[in-house]
Protein chains: 4
Amino acid sequence: MSPAALERRARAIEAAGLGIGWTNGDFGRGRSYRFNDPDGHIMEMYYEERKYQAPPALRSSLKNQPQRHTGQGVGVRRSDHWALLASDVAANRRFATELLGFQLREQVIFDQGKTELGSGMSPTAVHHQLAYVLDVRRGRGRLHHFSLWVDNREDVLRAADILAENGIFIEAGPAKHNNSQGFDLYSYEPGGNRVEIYTGSYLVMAPDWEPVTWNEHERGSGTYWAARCLRASSSTARPI
Amino acid sequence: MSPAALERRARAIEAAGLGIGWTNGDFGRGRSYRFNDPDGHIMEMYYEERKYQAPPALRSSLKNQPQRHTGQGVGVRRSDHWALLASDVAANRRFATELLGFQLREQVIFDQGKTELGSGMSPTAVHHQLAYVLDVRRGRGRLHHFSLWVDNREDVLRAADILAENGIFIEAGPAKHNNSQGFDLYSYEPGGNRVEIYTGSYLVMAPDWEPVTWNEHERGSGTYWAARCLRASSSTARPI
Amino acid sequence: MSPAALERRARAIEAAGLGIGWTNGDFGRGRSYRFNDPDGHIMEMYYEERKYQAPPALRSSLKNQPQRHTGQGVGVRRSDHWALLASDVAANRRFATELLGFQLREQVIFDQGKTELGSGMSPTAVHHQLAYVLDVRRGRGRLHHFSLWVDNREDVLRAADILAENGIFIEAGPAKHNNSQGFDLYSYEPGGNRVEIYTGSYLVMAPDWEPVTWNEHERGSGTYWAARCLRASSSTARPI
Amino acid sequence: MSPAALERRARAIEAAGLGIGWTNGDFGRGRSYRFNDPDGHIMEMYYEERKYQAPPALRSSLKNQPQRHTGQGVGVRRSDHWALLASDVAANRRFATELLGFQLREQVIFDQGKTELGSGMSPTAVHHQLAYVLDVRRGRGRLHHFSLWVDNREDVLRAADILAENGIFIEAGPAKHNNSQGFDLYSYEPGGNRVEIYTGSYLVMAPDWEPVTWNEHERGSGTYWAARCLRASSSTARPI
């Protein structure tokens, strides 16, 4: 939130033994502090950023919109959140809330509080900008997915139409999650990372928000509603 | 389409040995001719119909709308189609096209033309108002589902929200079919019949429409895109 | 609906003194009969049509869709209707219903039945595929607008975003009509003709449909709801 | 954001001569500090809040949703912003940014910087939770409108259908603003206050956000696109 806050966070992370060091910045941003989370993901934080200036052909007729509506695709507005796999969700969740200042929003905890499967948290009103999800294969530093925001549920359906038309694998969705109430689909970008097209959910503005916790029974499959294929062989109905 | 057409159809069905006889009509309609399709479903046809007059409390401020928008539920506009199970799809499809004058729109035929799994047809521009689907249990006179039309895909999503909130089973969807391009979900009404909330699809106005036929490979699951649950245990991604 | 029907209609129009003559067909269609409506619009009717075959790059992964979803624009599905200006709406309406076999669906009639401002009619379940609108300038053979169908109201809003981004004039809408219940916007294509992006409305399948007639009071502006600009100078509210 | 922050803000407002005093709280919340903005609107701020517990009949099947989806109306998710009239927008804007800590997001300034017509600002990622709009009648302490958030543009259209069906005045919209990019309509609640049904817009998370300023030319009517009625008498088109 400020150059001073950046310095303070860097010192705290360094003191926790997770620091890597300062960089001279990268494309579009100033110097940044590089560090690891407990699971080994490499992260950077920075304050200075060069604001995007669209080239003339991409300027919008809307003065408050950074780039024109091209009429193509689904019009992603912003990135929404990153979901990272972690062998120890609790340790990484504490790292993000205690050292980075994120607020915990929702958790999935099984086995009567013993197994933390996932935790979502955020430093802003956005429901979660970071989530840790249990890495059942016990890998290290792995990504579960990143998420791109669209403004309406109809845009997620449009994404499905475009992906299906182009023969691009839709791994799940369109569907509505119970956790976070997000409406989304999952696919893969050409580099091999899972990407979610996402909308819905809800904002959190309470400074004393009480995290919502879901157990096995409450979570179910994690979907609130979602398609299953109707199998012709099992279709039954009463005679009319 | 006319009293004379009703008489002609009745005679043709009687000649085919499928007639039951005339009734004195039923609630809201005049005399009707009752008959069986080859699979044993009981059907009636009629010409005279008493137009619905909404009671004062349900009159719409729109003169061309039969009932007011109550602000509740999803606002079904009309019934769209009936899908009937049949042990011999081809025989029933011929009945509907040859004796009732329906136009064949799409078919699913497996085994190099030998097994007709389903056929959709219609007497109007609506894609299909009647479908026969193979009854793999070899029942008789059974219903697969009936279908209610809503005007926008968003209304199907709203139906999912309402059904899920009320703990009512959603059997499949929201999803998009490849056959007919319908966007829909399936649930059950309290009487036990499967009901589809349906939109999308396309109208057919060509008098010489050539039916679209799908084989095993082309049809796949019958869904163009639809949700699958994302299983945490199988989630894989490259390290970031 | 058939080659024989084409011949019958041509003879009837010729007998009415409105025929021009047969052509050898045009791009994509067989021989056609050319004629005038009473207002002088030139029309053609035909039966033979060459079905569109998309080139390989534009083939859809959906076997029942004539062209792929390109992900661009709003994905118009079909033309919906043509609205023609006419100095004498009643004469042209009678022409279309009596000589062409269209069914009258809705009318706007002012002055206690004396002035027919507009009439919409159709030969199919589509609410109106042809409308005559009073030409208050007493021109001859003029077009009011043609209409392109999209599947969801959200697509009309998307059209507004795309048109506004490109500085293309939106003459009216997005708004909902009371007549026909269409949800639409009006713009102009580069050739100078008014084009409507249209959805909603309702299908008519009753052979004995009773036309809906709107008088001055009922019709109002013709819009059921539509935007007006909120003028800051007139904004009033009670003190809080 | 904390009890201490509440005390600090109260002291600062008191020092500015705008304080009224502490209350013992009100329905659902703890003690609050009451004060005036420069235009005379009475405001309160508090930290303690009793979280809403839905009665059993209104509990949602979604654990993270405070109340069930009733299937009625448009499902407002939250209040979005309050727009207050002020005789001196600049003075009130400085009050909110300097004393309350709001971040300025967008402004409308005419006459080459001399006349501030409106300013929107927020203490969170929501685009604006408070706006001051010039009170051209030079009243005092007046409300322009309050705004209720729905999740999709389709919900604003649904609101229009419900309001029109019930004969409730829609003052403007559905339409898209250029300022804030909101998609909305305006009506009045039974108490006589203008209420906006609102969605779209964009979130702001940059600590160094640069306010977007619109002059006369850029702002136009304040609408990006919106309906106008199509007047039959002015409809012109080239002959076809």
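The legends below describe close-up views of a predicted model.

**View 1. Confidence in the predicted model, with chain A as the example.**
The model scores ipTM 0.92 and pTM 0.94. The pLDDT of chain A averages 91. In this chain, 94% of the residues score at least 70. One stretch of chain A, residues 228–240, stays under 50. For residues 228–240 the model has 26 contacts beyond four places in sequence. Low pLDDT means that the predicted coordinates should not be read in detail.

**View 2. Chains B and D about a two-fold axis.**
Which residue of chain B comes closest to the rotation axis? That residue is B:Gln72, with its C-alpha at 2.1 Å.

**View 3. The contact between chains B and D.**
Chain B gives 14 residues to the contact, and chain D gives 14 residues. On the side of chain B that touches chain D, two residues are nonpolar, eight are polar and four are charged. Of the interface residues of chain B, 100% are also interface residues in chain D, so the copies meet through the same surface.

**View 4. A three-stranded open sheet in chain A.**
The strand order is S1-S2-S3, and the pairing is antiparallel. Strand S1 (19–23) and strand S3 (42–46) of chain A are the edge strands. Each of these edge strands pairs on one side only. From one strand to the next, the twist averages 25 degrees. In general, strands of a sheet pair through backbone hydrogen bonds.

**View 5. The pairing of strands S2 and S3 in chain A.**
Strand S2 covers residues 32–36 of chain A. Five bridges join strand S2 to S3(A). The two strands run antiparallel. Which residue stands opposite A:Arg34 in S3(A)? A:Glu44 takes that place.

**View 6. Cis peptide bonds in chains B and C.**
Most peptide bonds are trans. In chain B, a cis peptide bond joins B:Gly173 and B:Pro174. Its omega is about 0 degrees. B:Pro174 lies in strand S9 (residues 172–177) of chain B. In chain C, the peptide bond from C:Gly173 to C:Pro174 is cis. Here omega is near 0 degrees. C:Pro174 lies in strand S9 (residues 170–177) of chain C.

**View 7. A positive phi at A:Asp111.**
Most residues other than glycine have a negative phi. A:Asp111 is not a glycine, yet its phi is positive, at about 55 degrees. This residue sits in the loop between strand S5 (103–110) and strand S6 (115–122) of chain A. Is A:Asp111 buried or exposed? A:Asp111 counts as exposed because it has 10 C-beta neighbours inside 10 Å, and the cut-off for exposed is 12 or fewer.

**View 8. A positive phi at B:Arg138.**
B:Arg138 is another residue that is not a glycine but has a positive phi, of about 55 degrees. The loop that holds B:Arg138 runs between strand S7 (130–134) and strand S8 (143–149) of chain B. B:Arg138 has 9 other C-beta atoms within 10 Å, so this residue is exposed.

Terms used. Residues are numbered from 1 along each chain as its sequence is written. Chains are lettered from A and ligands numbered from 1 in the order in which they are written. This is a predicted model: local features need pLDDT of at least 70, side-chain atom pairs count only at pLDDT 80 or more; totals for chains, interfaces and linings use all residues. Copies are superposed by least squares on the C-alpha atoms of residues with pLDDT of at least 70 in both. Two residues are in contact if their C-beta atoms, placed from the backbone, lie within 7 Å. pLDDT is the predictor's confidence in each residue, from 0 to 100. Ala, Val, Leu, Ile, Met, Phe, Trp, Tyr, Cys and Pro count as nonpolar, Asp, Glu, Lys and Arg as charged, and the others, Gly among them, as polar. Helices (H or I, at least four residues) and strands (E, at least two) are DSSP runs, numbered from the N terminus. A residue is buried if 20 or more other C-beta atoms lie within 10 Å of its own, exposed if 12 or fewer, and partly exposed in between; C-beta atoms are placed from the backbone. Two strands pair if DSSP finds at least two bridges between them. Axes are lines fitted to C-alpha atoms, for helices over the stretch in contact, and angles run from 0 to 180 degrees between N-to-C directions.
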